[in-house]
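Hi everyone, thanks for coming. Let me put the structure up, and we'll walk through it together.

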Amino acid sequence: MNSIQPSSGNRWRGIIHEYRQYLPVTDKTPIVSLNEGNTQLVRADNFVEAINGNCELWLKYEGINPTCSFKDRGMTMAVTKAVERGAQVVVCASTGNTSASAAAYAARAKLKCVVLLPNGKIALGKLAQSLMYGATTIAVEGNFDEALRIVRELGETGKVEVVNSINPARIEGQKTASFEICDQLGRAPDFHFLPVGNAGNITAYWRGYKEYHAAKKSDRLPRMFGFQAAGAAPIVDGKPVGEPNTVATAIRIGNPASWPQATAALKDSKGFIDKVTDEEILAAYKLIARTDGIFVEPASAACLAGLIKCVKAGKIPEGSVIAATMTGHGLKDPDNAIKTAGFEPIVVEAKKEAVMKVIGL
Ligand code: AN7
């Protein structure tokens, strides 16, 4: 045993500690945390200017979580509850971020972790994470929806704990992002924009906003605006997509698990869901990096592409306060970043003159 007493300084100790009265935990719950949450809310005026908008845009930069995506909020809860129940093995299907997060929290909790990924359709950084954290990494010859079906079947054996967002603890943890936005803004936004894949996050955010409003911690409820990739837009199109496809591999999902909850969130919040093309996603992805220095993964940029569309269509009243979730860090997907940047490093001789020539001096 370490004889040094842990300090009880006033530092952030993760979302379960900070928001415990809103979460299904007791004093005895063995919390598994990597101090997730407390992510920046960054105002993006340059982006708004570039798109000829007339609104306040606040980006919830979830890429700075411990495994670089919003999934850590749900995973601290799911793995904590798994440990509380005495589970030995956690399992998930994933387009890459859930698996990275599950692998990290399972490592910390000393649980075995098994992840099922669509073979060849995972961004490189996410694959590296799963392998580095030591998860049993299975590449399924199929898409996410097929991997999730297998995971559901594994769950029915009672031998493993499923940590996909069909696990209610996940949604509970993820709703804390809404609490943080209200705390950081001093109010709830008028609109909340986010990308939609399996639809867990839109469900969680709406729940969070409603609970904070009911607790009188915020003054209003935002309208939820979700965006799917055009090649993987089952909710927008009103039917499952058998072979989803998009450059934004994180949201390459054809049959979202939380479809009914997402539909309810959209209806209750007077929200809106639309689809954006890969071209629109990549344009927004590059623009937010170049205008405001914020590097996100393509899936995150889907909601910025959606904002561009909404501004053009006149859907956003002047002066609106908009929050948008930047769900994952840009470094997760170096291949798409290098392809999208549009230029390559300029190789020069190791001489000052050569560099000056490139600069144009
Ligand atoms: C960066 O990791 O589904 O609508 O298996 O990684 O709650 O699914 C990831 C989803 C948006 C969509 N942005 O959120 C997975 C997975 C990023 C994501 C979404 C995901 P949901």
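Which strands does helix H8 lie across? Helix H8, residues 176–185, lies across E1, E2, strand E7 (191–195) and strand E10 (320–326). It runs at about 130° to E2, with axes fitted to C-alpha atoms, for helices over the stretch in contact (heavy atoms within 4.5 Å), and angles from 0 to 180 degrees between N-to-C directions. Helices (H or I, at least four residues) and strands (E, at least two) are DSSP runs, numbered from the N terminus.

A quick word on the source: this is a predicted model, where local features need pLDDT of at least 70, side-chain atom pairs count only at pLDDT 80 or more, and totals for chains, interfaces and linings use all residues. Residues are numbered from 1 along each chain as its sequence is written, and side-chain values use heavy atoms, leaving out hydrogens and water.

Now the sheet. Six strands form an open sheet in the order E1-E2-E10-E7-E8-E9, with mixed pairing; two strands pair if DSSP finds at least two bridges between them. E1 (41–43) and E9 (272–276) are at the edges with a single partner strand each, so one side of each has no neighbour in the sheet. From one strand to the next, the twist averages 25°. E1 pairs with E2 (residues 55–61) in the antiparallel sense, over three bridges, and Leu41 has Lys60 in E2 as its bridge partner.

Finally, the ligand. It is surrounded by 22 residues, and the closest are Asn97, Thr98, Asn198, Ala199 and Thr327; a residue counts if one of its heavy atoms lies within 4 Å.
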